[in-house]
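Please open the model in your viewer and keep the selection tool at hand. The stops below are meant to be taken in order.

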Amino acid sequence: MFNLILFGPPGSGKGTQSERLVEKYGVVHLSTGNLLRAEIAQKTPLGLEAKSFIDKGQLVPDEVVIGMVDSYFDLHKDARGFLFDGFPRTVAQAKALDRLLELKKTAISSVLALEVNEEELVKRLLNRGKTSGRSDDTDESVIRKRFSVYTEETSPVAEHYRKARKFHPIAGEGSVDAIFDRLCDTIEKQLKKESGH
Ligand code: B4P
C-alpha cells in the first residue's frame with residue numbers, strides 16, 4: 001500500500017490538490033472534513049454533534065473522528081493506498097492512525113505539508129465562503145479561531161512525522177498546477193526510494 005497525508009492549515013489547498021492526486025495515483029481519498037460534512041447533511045447524531053464544533057471553528061473530538069476513519073477503512077479493504085486529507089489533526093489522531101495502519105501491516109510513506117501565509121489563507125476562505133455555503137468560512141472570527149486551533153493542536157503533528165523522517169514541506173502559494181507539480185515531484189521521489197531505484 002502507498003499511503004500519503006496531505007497536511008496544512010485551513011484553506012491551504014488540501015481539498016483542491018487531493019482531487020488531482022487521487023485521480024493520478026489511484027488511491028482512496030479520505031477527507032475527514034468531507035465525511036463530517038456528509039454526516040451533517042444527513043443530520044445523523046454524529047453530524048449534529050460535529051456541527052456544534054465546526055461552527056465554532058473547533059476540532060471535532062478525537063474519538064468521533066477516529067471511529068469514523070476506522071469505519072471508512074473497513075469499507076475500502078481492497079484499497080491500494082489512501083490519501084489522508086485533513087487527518088490527522090491532533091497527535092492523538094496521528095498515534096491512532098499509526099496503530100490502525102500497523103494492524104493492516106502498512107504505514108505512512110510521506111506527509112506533504114502545504115505552506116501558505118495566513119493573510120492569503122483568510123482571503124481564500126472568505127472567498128470560498130461566498131459560494132460554498134460553509135458556515136465555518138463566512139465569519140472571519142471563526143476563521144481566525146481555526147488558525148489558533150491549528151497552531152495549538154495540529155502543528156505538533158508535524159513534529160510526530162518529522163521525527164519519523166516522513167515530513168516534506170511544500171510551498172503552497174502560486175497556481176494550483178504549479179503546486180500540484182511540486183507535490184508530484186516529491187511523491188515520485190518517494191515512490192522511487194520505496195521501489196529501490
Ligand atoms: P476541512 O474540510 O479539512 O477543510 P479546510 O482545512 O478548511 O480546507 P482545505 O485545506 O481542504 O482547503 P481547500 O483546498 O478547500 O475541515 C473543516 C473542519 O472540519 C475543521 O475546521 C474541523 O472543525 C473539522 N475537521 C475536519 N477534519 C477533522 C479532524 N481530523 N479532527 C477534528 N476535526 C476535523 O482550499 C480552500 C480555498 O482556497 C478554496 O476555495 C480553493 O478554491 C482555494 N484555493 C486552493 N488552492 C489555491 C491556490 N493555489 N490559489 C488560490 N486559491 C486556492
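Predicted model: local features only at pLDDT ≥ 70, side-chain atom pairs only at ≥ 80, totals over all residues.

Begin with the ligand, which is surrounded by 29 residues, the closest being Thr16, Thr32, Gln58, Arg128 and Arg146.

Next, select residues 14-25, which form helix α1, together with residues 176-194, which form helix α8; the two pack at an angle of about 45 degrees, with their axes 10 Å apart. That angle makes α1 oblique to α8, and the crossing of the two is right-handed. To see the contact, show the side chains of α1, including Thr16, Arg20 and Tyr25, and those of α8, including Phe180, Leu183 and Glu188. By class, the residues in this contact are nine nonpolar, two polar and four charged.

Finally, move to helix α2, residues 32-41, and helix α3, residues 45-54, whose axes come within 7 Å and cross at roughly 115 degrees. The crossing of α2 and α3 is left-handed. Here Leu36, Glu39 and Ile40 of α2 meet Leu46, Gly47, Ala50, Lys51 and Ile54 of α3, a contact with five nonpolar, one polar and two charged residues.

Definitions and conventions
Residues numbered from 1 in each chain as written. Heavy atoms only, no water. Axes fitted to C-alpha atoms, helices over the stretch in contact; angles between N-to-C directions. Helix = DSSP H or I, 4+ residues; strand = E, 2+ residues; numbered from the N terminus. Parallel < 35°, antiparallel > 145°, perpendicular 65-115°, else oblique. Left-handed = near helix turned anticlockwise from the far one by under 90°. Contact = heavy atoms within 4.5 Å. Nonpolar A, V, L, I, M, F, W, Y, C, P; charged D, E, K, R; others polar. Near = heavy atom within 4 Å.
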